[in-house]
Structure formats: structure tokens, C-alpha cells
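Good morning. I have one structure to go through today, so please look at the screen.

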Amino acid sequence: MSFVTAVYPSDAQFRQIEGWVEVEYVVDRAGLTRDLRVRQAMPTGRFEQSALAAVAKYRYEPFTRD
């Protein structure tokens, strides 16, 4: 239903550092994300907190059956 773009860390932007983060999470019955966990990131220690903060604000439409 909605997502938030991660904030690019200003020091990484200033130094023109690029990277990626793979985040694993669960979507609960209300459509909220929980149990967020960084699986991998490159470079490590640079983008993880920003990625987690963004994913924490994701909202999904709850699954319904029948």
C-alpha cells in the first residue's frame, strides 16, 4: 500500500559512496512490518540503519482468504 524511500546518508552522498542492503522482515496481519533484519549489506556499516528505518514504515494490504 505504501513505502518510504530510504534516506541516503549524507556522508556517503558527499563521498559518492554507493551500496545496497538486503532486508528480511515479516508482514503481520495488520499489514505492518516486524522482525526486521539485515541479511547483507555492502559496504557494511554505511546504509543499514537508513534501510531499516525506511522498511519499518512500509505498509501492506493485509492478506484475506476467500
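This is a predicted model: local features need pLDDT of at least 70, side-chain atom pairs count only at pLDDT 80 or more; totals for chains, interfaces and linings use all residues.

Residues are numbered from 1 along each chain as its sequence is written, and side-chain values use heavy atoms, with hydrogens and water left out.

The protein chain has a mean pLDDT of 94, pLDDT being the predictor's confidence in each residue, from 0 to 100. Of its residues, 100% reach 70 or more.

Next, the largest pocket. A pocket is an open set of points on a 1 Å grid over the protein atoms alone, where a 1.4 Å probe fits, with protein on both sides within 12 Å along at least five of seven lines. Lining residues have an atom within 4 Å of a point. Here 16 residues form the lining, and A6, V21, F47, S50 and A51 lie nearest the centre.

Helix 2, residues 48-55, and strand 1, residues 20-27, each supply at least two lining residues; these are DSSP runs, H or I of at least four residues for helices and E of at least two for strands, numbered from the N terminus. Helix 2 gives the largest share of the lining, four residues.

Last, the largest nonpolar core: V23, A51, L52, V55 and Y58. Such a core joins buried residues (under 20% relative accessible area, 1.4 Å probe, protein chains only) of the kinds Ala, Val, Leu, Ile, Met, Phe, Trp, Tyr and Cys through side-chain atoms within 4.5 Å. Three of its residues, the largest share, come from helix 2.

How values were computed. Buried means under 20% relative accessible area, exposed over 50%, partly exposed in between (1.4 Å probe, protein chains only).
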